[in-house]
Amino acid sequence: MNLAYRDVRHSLGRFLLTCAGLGLLLGVVLAMIGIYRGLVIEALTIARAPAVDLWVVEAGTRGPFAEASRIPGDTREAIARVGGVAQAGSITYQTVETEHMARKLRLYVIGYEPGRLGGPPRLVAGRGLARSHYELVADRTAGLTLGDRVRLGRELFTVVGLTEQQVNSGGDPAVYISLLDAQKLQFDLAPPAARQQLARGTARTSLDTVNVVVARLLPNATPDNVAEVVRRWKHLAAITQEGQEGILTQSLVDRARRQIGLFTSLLLVVSAVIIALIIYTMTMEKLKQIATLKLIGAPDRTIIGMIVQQALALGLIGFTIGATLILNVKDYFPRRVVLEPDNVLVLAAIVFLVCLLSSGLGVRAALRVDPATALGG
């Protein structure tokens, strides 16, 4: 006779309701783990999109993501001639807020030279840039469709292509435009400001400035060695792809990662406490039945098995409910939620361990009950 099954069936509605409540809590834990992973992946998305080996920025900076970096646009030609470099491209990055169809739209604008490094990694609809002006490729999360016209600065751009999963560390969708348009958008002054600068004799004569030059190396070239060659030019700094990803994870999203990690740990502790209290309450409610079992000679292992089985069933059903819920709604979150199989398995193992430990409180109460209690009124 399975006593745990019979006890659960006796109060099935309440047990399933308890499992559902626990499932919601474990679903939140899974969501936080997914948000944590998604935050890291989003922070690295833009840096990984060009698939390059080297980032050349302004000397003394860790740009272009951690801080401002401006270098002459013709630096690309110099980098392309460095030994070991297969391809080079100039890129600009900037955040722009505009309006589209009566709603605010915050975009991460990436300017690159069509045909060179820095463009969208893949298209899911439409085509890439075919003209040097007034065309853009947008990430799907921007809510734009092919043919839409969006104002960036003082110009209207037509959406000719769509990409996906291209957002910056803040979750802003990326749009790709030509380098010439991006330089004008980022560095060109508004007419009143330009007239004032002209009157002061300090007007800008050239817009050929970029935030970074990226390079893809030959198979036999070592990124650290090529970076060391570039650093000999005192006005430039070179960062390897590995170093760039380290800057992003340790500088831009470090506090957010730690905060989410701490919150997730607190949720796990709360889950453990709740499971322990539920099992303890369920055990206390049937102390008289447990005393009767002892009175008729039931061994302690039978009573312990009943409590442990109930705890594991509670955790398994609750975890299944929570995991099913999050896997079905994660795509509706405003930021990316990434749940890898190893994350789910690790949390399942943690829930299993927590259920075992939490059942100890109920087991202790059950083993201490006096069989004579069954004879009381």
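User: Is Lys-184 to be counted as buried, exposed or partly exposed?

Analyst: The classes rest on relative accessible area, with a 1.4 Å probe and protein chains only: buried is under 20%, exposed is over 50%, and partly exposed lies in between. Lys-184, at 33%, therefore counts as partly exposed. This is a predicted model, in which local features need pLDDT of at least 70, side-chain atom pairs count only at pLDDT 80 or more, and totals for chains, interfaces and linings use all residues.

User: Where does Lys-184 lie, and which residues does Lys-184 touch?

Analyst: Elements are DSSP runs numbered from the N terminus: helices are H or I with at least four residues, strands E with at least two. Lys-184 belongs to helix 4, residues 179-187. Contact requires heavy atoms within 4.5 Å; beyond residues up to four places away in sequence, Lys-184 touches Glu-155 and Leu-207. A polar contact is a pair of N or O atoms within 3.5 Å; within protein, one must be able to donate a hydrogen and the other to accept it, and residues adjacent in sequence count only if both atoms are side-chain atoms. The side chains of Lys-184 and Glu-155 form such a contact at 3.4 Å.

User: Which residues is Thr-92 in contact with?

Analyst: Thr-92 is found in strand 3 and is buried, with a relative accessible area of 0%. Setting aside neighbours within four places in sequence, its contacts include Val-109, Ile-110, Gly-111, Leu-179, Phe-187 and Asn-211.

User: How many aromatic pairs does the count come to?

Analyst: A pair of aromatic rings is described by the distance of the centres and the angle of the planes. Rings of Phe, Tyr and Trp (its six-membered ring) pair if their centres lie within 6.5 Å; planes under 30 degrees apart are stacked, over 60 edge-to-face, and the rest tilted. By this rule there are 5 aromatic pairs. Phe-65 and Tyr-93 form a tilted one, 5.0 Å centre to centre with 55° between the planes. Because Phe-65 lies in the loop between strand 1 (54-58) and strand 2 (71-72) and Tyr-93 in strand 3 (residues 85-100), the pair ties together parts 28 residues apart in sequence. Phe-65 and Tyr-93 are both buried.

User: Why is the pair of Tyr-134 and Phe-157 edge-to-face?

Analyst: The ring centres of Tyr-134 and Phe-157 are 6.0 Å apart and the planes stand at 70°, so the pair is edge-to-face. Tyr-134 is in the loop between strand 5 (125-126) and strand 6 (135-139) and Phe-157 in strand 8 (residues 155-163), 23 residues apart. Tyr-134 is partly exposed at 30% relative accessibility, whereas Phe-157 is buried at 2%. Separately, Trp-55, Phe-65, Tyr-93 and Tyr-108 form one aromatic cluster.

User: How many residues has the largest nonpolar core?

Analyst: In soluble globular proteins, nonpolar side chains tend to be buried together. A nonpolar core is a set of buried Ala, Val, Leu, Ile, Met, Phe, Trp, Tyr and Cys residues joined through side-chain atoms within 4.5 Å. The largest here has 40 residues, and those with the most contacts inside it include Leu-30, Phe-319 and Leu-347. Helices 2 (12-48), 8 (254-285), 9 (287-295), 10 (300-329) and 11 (341-367) each supply at least two residues of this core, and helix 2 gives the most, with 12 residues. Apart from this core lies another, of 26 residues, among them Leu-44, Ala-49, Ile-110 and Tyr-176.

User: Where does helix 11 bend?

Analyst: The bend at a residue is the angle between axes fitted to the seven residues ending there and the seven starting there. Helix 11 bends by about 30° at Leu-361. Its buried residues include Leu-347, Val-351, Val-354 and Ser-358, and what covers the buried residues of helix 11 includes helix 2, helix 8, helix 9 and helix 10.

Methods. Residues numbered from 1 in each chain as written. Heavy atoms only, no water.
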